[in-house]
Amino acid sequence: MNQRYRWPTIGVHWLTVLLIIAAYVLATILEDMTLSPQKLKLYSWHKWVGITVLFLLPLRLLFRFLDPLDHRAGLTALEVKASAAVHGVIYLLLIAVPMFGWLHSSAAGFPVVWLGVLPLPDLVGKDKALAEVFKELHEGSVNLLIALVVLHAAAALYHHHIRRDGVLARMVPWLSKK
Amino acid sequence: MRFLLTLAFFAAIASSTLSSTTASAQDWKVDYRNSQIAFIIKQMNVPVEGGFARYSVKAAFDAAKPEQGTFQVELDIASIDTGSEEGDGEAKRPAWFDTARYPKARFVSKSIKRNNAGSFTVNGDLTLKGRTRPLSVPVVMTPQRGGGWLVSGRAVMKRSQFDIGGGEWADPTVVADDLEARFKILLNP
């Protein structure tokens, strides 16, 4: 199994990872800040990054479709199921987390203007109680996403170090050149 | 002949309408439940809406000649709603409205110009944070059932002219300098 994904697939995968880390770090900094111009900037950047993750998703699905690898090779039936389930839920969360953030922003009365240029429509009207619900869902879903990403990374490392089957190298091509 | 009769009929209506509306300027009652004073300000290019919960309006004019009337608006700045609690707290601090020293803002009309049917320009002085600047407000007056008026309009001003949001907040790329006020005031006879 010395196949690997093509560069566009690898590129958007790792770009998504970087964006998620950036959005999470921005959110963590934001939480402890009192209102200031800097906080308003970080808030906007957080939203821009999150919406970018959402916008990248169709591209990722397209690349996955155009650039398919055999996900079953060398796996037991249970492993195939577990892998498909984790990937499926991660994809769903890559939609859900930014969507809940967008919904929270709309309900809180703050429209989202992507990169400060593209105004996105408000998904719901201003509603404080609803805003709180979406905030909880945004936080809850991102925690689940991180847990699954950790599981996903652990599985990749297991394949690389224990199984030595080249699964990780499909997404990290420079590993296979050693 | 028929034409002349029709003409005479309309002339009669017109004169009766005129005579009934030549009463002198009256004070109008404000229906606060159906009135609103709001504002829009861009933060990081995001239009964010806010408003004032408490204000008082004094309107005195003759329905036939609003351009001879007077308008006066007083805002209770502490009743500001910026869209978020931390925003409301920040807005009252000295860098913004400094409500401890300047609890009220006031607009007083000085002259009113009739543009066309129902459309006027109200020129007056806006006093905000102790600074008085001239402000020109385009206003639309829509007659209501029962003889009332809906007075609505919007006016753009620059917050820097009133020292609203100085210091670290001065950067207009974060909070825009342009501030748009929107209002609709329902007046009953």
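**Exercise 1. At what angle do the axes of H3(A) and helix H4 (residues 128–163) of chain A cross, and how would you describe their relative direction?**

Before we start, keep in mind that this is a predicted model.

Step 1. Two packed helices are described by the angle between their axes and the distance between the axes.

Step 2. For H3(A) and H4(A), the axes cross at roughly 155° and come within 8 Å.

Step 3. Angles over 145 degrees count as roughly antiparallel, so H3(A) is roughly antiparallel to H4(A).

Step 4. As for handedness, H3(A) passes H4(A) in a left-handed crossing. The residues in this contact of H3(A) with H4(A) are 19 nonpolar, five polar and one charged.

**Exercise 2. Describe how helix H2 (residues 37–66) of chain A packs on helix H3 (residues 77–107) of chain A.**

Step 1. Begin with the geometry: the axes of H2(A) and H3(A) are 9 Å apart, and the packing angle is about 135°.

Step 2. Sort the angle into its class. H2(A) and H3(A) are therefore oblique to each other.

Step 3. Look at the handedness: the crossing in which H2(A) passes H3(A) is left-handed.

Step 4. Find the residues that touch. H2(A) contributes A:Lys47, A:Gly50, A:Ile51, A:Val53, A:Leu54 and A:Leu57, and H3(A) contributes A:Leu94, A:Ile95, A:Pro98, A:Met99, A:Gly101, A:Trp102 and A:Ser105.

Step 5. Sort them by class: the contact of H2(A) with H3(A) has nine nonpolar, three polar and one charged residues.

**Exercise 3. Get an overview of chain B, using its helices and strands.**

Step 1. Count the elements: chain B has 11 strands and two helices.

Step 2. Turn to burial and contacts. Of the 189 residues in chain B, 27% are buried. Among contacts in chain B with a separation of 6 or more, 55% are between residues 24 or more positions apart.

**Exercise 4. Which side chains of strand E8 (residues 119–128) of chain B are buried, and which strands pair with E8(B)?**

Step 1. Follow the side chains along E8(B), where they alternate between two faces. B:Phe120, B:Val122, B:Gly124, B:Leu126 and B:Leu128 point to one face and are buried.

Step 2. Go to the partner before it in sequence. Strand E7 (residues 104–116) of chain B pairs with E8(B) in the antiparallel sense over nine bridges, and B:Val108 has B:Asp125 as its bridge partner in E8(B). E7(B) and E8(B) form a hairpin with two residues between them, where B:Gly118 in the turn has a positive phi of about 80°.

Step 3. Now take the partner after it. E8(B) and strand E9 (residues 131–143) of chain B run antiparallel and are joined by 10 bridges. One pairing here links B:Gly124 with B:Leu135 in E9(B). The hairpin of E8(B) and E9(B) also has two residues between the strands, and B:Lys129 there takes a positive phi near 55°.

**Exercise 5. Is B:Gly83 buried or partly exposed, and which residues does B:Gly83 touch?**

Step 1. Locate it: B:Gly83 sits in the loop between strand E6 (80–81) and helix H2 (85–91) of chain B.

Step 2. Count neighbours. B:Gly83 has 16 C-beta neighbours inside 10 Å, so it counts as partly exposed.

Step 3. List its contacts: leaving out residues up to four places away in sequence, B:Gly83 touches A:Gly109, A:Phe110, B:Val48, B:Glu49 and B:Gly50.

Step 4. Finally, check a distance. B:Gly51 is 32 residues from B:Gly83 along the chain, and their C-alpha atoms are separated by 8.4 Å.

Conventions:
Residues numbered from 1 in each chain as written. Chains lettered and ligands numbered in written order. Predicted model: local features only at pLDDT ≥ 70, side-chain atom pairs only at ≥ 80, totals over all residues. Buried ≥ 20, exposed ≤ 12 C-beta atoms within 10 Å, placed from the backbone. Helix = DSSP H or I, 4+ residues; strand = E, 2+ residues; numbered from the N terminus. Pairing = 2+ DSSP bridges. Axes fitted to C-alpha atoms, helices over the stretch in contact; angles between N-to-C directions. Parallel < 35°, antiparallel > 145°, perpendicular 65-115°, else oblique. Left-handed = near helix turned anticlockwise from the far one by under 90°. Contact = placed C-beta atoms within 7 Å. Nonpolar A, V, L, I, M, F, W, Y, C, P; charged D, E, K, R; others polar.
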